[in-house]
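Then let's walk through its parts together.

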Amino acid sequence: MADIHITRKHALGMAGARKLAFRWAEEAEEQLGLECVYEEGAATDHLKFTRAGVKGGIKVTKDHFVLDAHLGVLLGAFKDTIESKIVKNLDELLAAKDPLHAFDSGIGHGKHHAKKSASKKKA
């Protein structure tokens with residue numbers, strides 16, 4: 001099994017980090033076929049993602065993101081490519097002039113599926 005570990009600092013604060021992580025999850029669902037669930041906490045949120053051959057999550061805080069993913073045997077062969085795409089996507093979101101402009105959803109508290117059409121669940 002191959003593991004991916006990525007850490008990125010940011011200056012978005014918790015509300016901004018939450019919105020950016022939720023946006024990342026929506027893009028990951030659309031582009032990578034991941035199933036994402038977002039769980040809000042008092043000081044730390046957790047974005048969990050899965051699909052055949054990959055399982056992981058992103059820890060979201062007011063000043064950093066920590067992504068950990070475990071790739072199965074078949075996807076492990078593509079670890080470098082997968083990791084570079086994740087890094088590129090996350091870095092582009094963080095480097096955007098206004099990384100949150102395209103996402104203005106009223107995220108409440110609790111557990112949410114990342115898809116806009118999914119119903120929100122309370123933890």
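Three helices and seven strands make up the secondary structure of the protein. Helices here are DSSP runs of H or I with at least four residues, strands are runs of E with at least two, and both are numbered from the N terminus. If you start at the N terminus, the elements come in the order β-α-β-β-β-β-α-α-β-β. Keep in mind that this is a predicted model, where local features need pLDDT of at least 70 and side-chain atom pairs count only at pLDDT 80 or more, while totals for chains, interfaces and linings use all residues. Residues are numbered from 1 along each chain as its sequence is written, and side-chain values use heavy atoms, with hydrogens and water left out.

How much of the protein is buried? Of its 123 residues, 39% count as buried. That word means under 20% relative accessible area, while exposed means over 50% and partly exposed is in between, using a 1.4 Å probe and protein chains only.

Let's take helix 1, residues 13–32. It's mostly covered, with 14 of its 20 residues buried. Its end C-alpha atoms are 27 Å apart, which agrees with the 28 Å that 20 residues should span at 1.5 Å a residue. The expected span is 1.5 Å times one less than the number of residues. After helix 1 comes Gly33, which has a positive phi, near 70°.

Helix 3 has 17 residues and reaches 24 Å from its first C-alpha to its last, close to the 24 Å expected. Which residues of helix 3 are buried? They are Glu83, Ile86, Asn89, Leu90 and Leu93. Seen down the helix axis, these buried residues fall within an arc of 135°, so they line one face of helix 3. The arc is that of the directions from the helix axis to the C-beta atoms. Here's a handy bit of background: an α-helix has 3.6 residues a turn, so residues three or four places apart point the same way. On the other side of helix 3, Asp80, Lys85, Lys88 and Ala95 are exposed.

**Aromatic pairs**

A search of the whole structure finds two aromatic pairs. Rings of Phe, Tyr and Trp (its six-membered ring) pair if their centres lie within 6.5 Å; planes under 30 degrees apart count as stacked, over 60 as edge-to-face and the rest as tilted.

| Pair | Centre distance | Plane angle | Type |
|---|---|---|---|
| Phe22 and Tyr38 | 5.9 Å | 75° | edge-to-face |
| Trp24 and Phe49 | 5.8 Å | 55° | tilted |

Phe22 lies in helix 1 and Tyr38 in strand 2 (residues 35–39), so their pair ties together parts that are 16 residues apart in sequence. Phe22 is buried at 6% relative accessibility, and Tyr38 is buried at 0%. The other pair links distant parts of the chain, with Trp24 in helix 1 and Phe49 in strand 3 (residues 45–51), 25 residues apart. Trp24 is buried with a relative accessible area of 4%, and Phe49 is buried with 2%.

**The largest pocket**

The largest pocket has a volume of about 420 Å³. On a 1 Å grid over the protein atoms alone, a pocket is an open set of points with protein on both sides within 12 Å along at least five of seven lines, and lining residues have an atom within 4 Å of a point. Grid points are joined across faces, edges and corners, and the volume is the space filled by probe spheres set on the points.

Of the 19 lining residues, the closest to the centre of the largest pocket are Leu32, Leu34, Ile82, Lys85 and Ile86. Helix 1, strand 3, strand 5 (64–71) and helix 3 (79–95) each supply at least two residues of the lining.

**Across the chain**

Tyr38 and Gly57, 19 residues apart along the chain, have C-alpha atoms separated by 9.4 Å. His46, found in strand 3, is partly exposed with a relative accessible area of 35%. Ala43 lies in the loop between strand 2 and strand 3 and is exposed at 56%. From Ala43 to Thr61, 18 residues apart in sequence, the C-alpha distance is 6.5 Å.

Key. 1 Å grid on protein atoms, 1.4 Å probe; cavity = no way out; pocket = protein on both sides within 12 Å on 5 of 7 lines; lining within 4 Å.
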